[in-house]
Amino acid sequence: MSSPDPQVRAARNHSTNPGLRGPVVAVTGAATGIGALLTERLAASEEIKQVVAIDERRGECAAAQWHILDVRDPAIAEKLRGADVVVHLALDLDLETDGTARTAYNVRGTQTVLTAAAAAGVHRVVLCTSAMVYGALPDNELPLAEDAELRATAEATGVGDLLEIERLARRAPRAHPGLNVTVVRPAVLIGGTDTALTRYFESPRLLVVAGSRPAWQFCHVEDLCSALEYAVLEKVEGELAVGCDGWLEQEQVEEISGIRRMELPSAVALGAAARLHRIGLTPSPAGDLAYTMYPWVVSGSRLHDAGWRPQWSNEEVLAELLEEVAGRHTVAGRRLGRKDATAAGAAGATVALLGTAALVRRARKARRRF
């Protein structure tokens, strides 16, 4: 006779052992993505007493107790009552979402969850941002320590929201004495994700800015979930960076991927990216390009000191990413349909989009003459 499904086993465990020791954990954004993976993981853990899942729709984890509502609704405080830990993963970092609406959801949602958690007597909130908050800069140390200064600007997709969430995290313990906040910052996240950085590997050529010094570090979603579980169980706290051990140089990435580079001068690449975004041809602002130019590798020393280790290497994660994006065609962050890619040609599409920026510039100059 086969053993029961982990969800069923977890449900039986929680229903038949009400005295089970361990925290009650609430997860926001529990129906999809990282939230769904973490909810499943925690529900199957013998170290977790109960999982409370919160989202705008019901997910698939039968072992969790579900509450359907928007995280910006103050009524969430009542749903969090009895929870020991809240993991807030209800964030919108979709490239196609309107920036103003995205910020309103991300910042207001985080504010509401922190306030509601404090009101409900929750003692710990775990937030997930990104190692992007350190900024991608030519003088960054390799690797960066967790307590390195956050030098990012709001010029890349969603980074402004993440920086504001970081500020809320720092203020929360002062505003709500007794509430502890842990922030987890993953490197380039891979595993069912769609970001400007994953789309970089959907391009026919890897854009390399002349004179730049890229260093690639990835984080598989499974490793992120295990790091979040460490935070939930209070095996580690504070500001945590998570990623694969070490990093890959650009030449190694090109060798593994088999994708050749297209090298452009900095002024051309950044100028074209800014213009293409401004006229609505691409979803990615020019600020995203910095994260493919300069290092923002993290050490993850606090997790390592607590005994955590990544199960994935950079090489393995990159290989999985390449499998995920196979057959997709992206140029300058903009996805092309199969017909568009075939008609334009891979390299031709890149040149065409870069050329569009030049045409727009010439047209504007011509208008100013009259």
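Student: In this predicted model, which helix gives the most to the lining of the largest pocket?

Tutor: Several elements take part in this lining. H5, strand S7 (188–190) and helix H6 (196–199) each supply at least two residues, as does helix H2 (33–43). The element that gives the most, with 4 residues, is H2.

Student: How many residues line the largest pocket, and how many of them are nonpolar?

Tutor: The space in the largest pocket comes to about 1,000 Å³. Its lining holds 39 residues, and Ile34, Leu91, Leu93, Thr193 and Thr195 lie nearest the centre. By class, 7 of the lining residues are charged, 12 are polar and 20 are nonpolar.

Student: What is the volume of the second largest pocket?

Tutor: The volume of the second largest pocket is about 240 Å³. Ala136, Thr153, Glu155, Gly287 and Ala290 are the closest to its centre among the 15 residues that line it. The lining of this pocket has 10 nonpolar, 3 polar and 2 charged residues. The volume, to repeat, is about 240 Å³.

Student: Is H2 roughly parallel or oblique to helix H7?

Tutor: H2 and H7 (residues 221–232) have axes 10 Å apart and pack at an angle of about 55 degrees. An angle under 35 degrees would count as roughly parallel, and 65 to 115 as roughly perpendicular. The angle between H2 and H7 therefore makes their arrangement oblique.

Student: Which residues of H2 make the contact with H7?

Tutor: H2 passes H7 in a right-handed crossing. On the side of H7, the contact uses Val221, Glu222, Leu224, Cys225, Ser226, Leu228 and Glu229. By class, the contact of H2 with H7 has 8 nonpolar, 1 polar and 3 charged residues. The residues from H2 are Ile34, Leu37, Leu38, Arg41 and Leu42.

Student: Are H4 and H5 roughly parallel or roughly antiparallel to each other?

Tutor: Helix H4 (residues 99–120) packs on helix H5 (residues 159–175) at an angle of about 15 degrees, and their axes are 10 Å apart. The cut-off for this class is under 35 degrees. H4 and H5 are therefore roughly parallel.

Student: Which residues of H5 meet H4?

Tutor: The crossing of these two helices is right-handed. From H4, the residues in contact are Arg102, Thr103, Asn106, Val107, Thr110, Gln111 and Leu114. Their partners in H5 are Asp161, Glu164, Ile165, Leu168 and Ala172.

Student: Which residues of helix H11 meet helix H8?

Tutor: H8 (residues 250–257) and H11 (residues 314–325) have axes that come within 10 Å and cross at roughly 50 degrees; the two helices are therefore oblique to each other. H8 passes H11 in a right-handed crossing. From H8, Val253, Ile256 and Ser257 take part, and they meet, in H11, Glu315, Leu318 and Leu322.

Student: What is the omega of the peptide bond from Leu142 to Pro143?

Tutor: Most peptide bonds are trans. Pro143 lies in the loop between strand S5 (124–128) and H5. The bond from Leu142 to Pro143 is cis, with omega near -5 degrees.

Student: What is the phi of Glu234?

Tutor: Most residues other than glycine have a negative phi. Glu234, found in the loop between H7 and strand S11 (239–242), is not a glycine, yet its phi is positive. The value is about 60 degrees.

Technical notes:
Residues numbered from 1 in each chain as written. Predicted model: local features only at pLDDT ≥ 70, side-chain atom pairs only at ≥ 80, totals over all residues. Heavy atoms only, no water. Axes fitted to C-alpha atoms, helices over the stretch in contact; angles between N-to-C directions. Parallel < 35°, antiparallel > 145°, perpendicular 65-115°, else oblique. Left-handed = near helix turned anticlockwise from the far one by under 90°. Contact = heavy atoms within 4.5 Å. 1 Å grid on protein atoms, 1.4 Å probe; cavity = no way out; pocket = protein on both sides within 12 Å on 5 of 7 lines; lining within 4 Å. Points joined across faces, edges and corners; volume = space filled by probe spheres on them. Nonpolar A, V, L, I, M, F, W, Y, C, P; charged D, E, K, R; others polar.
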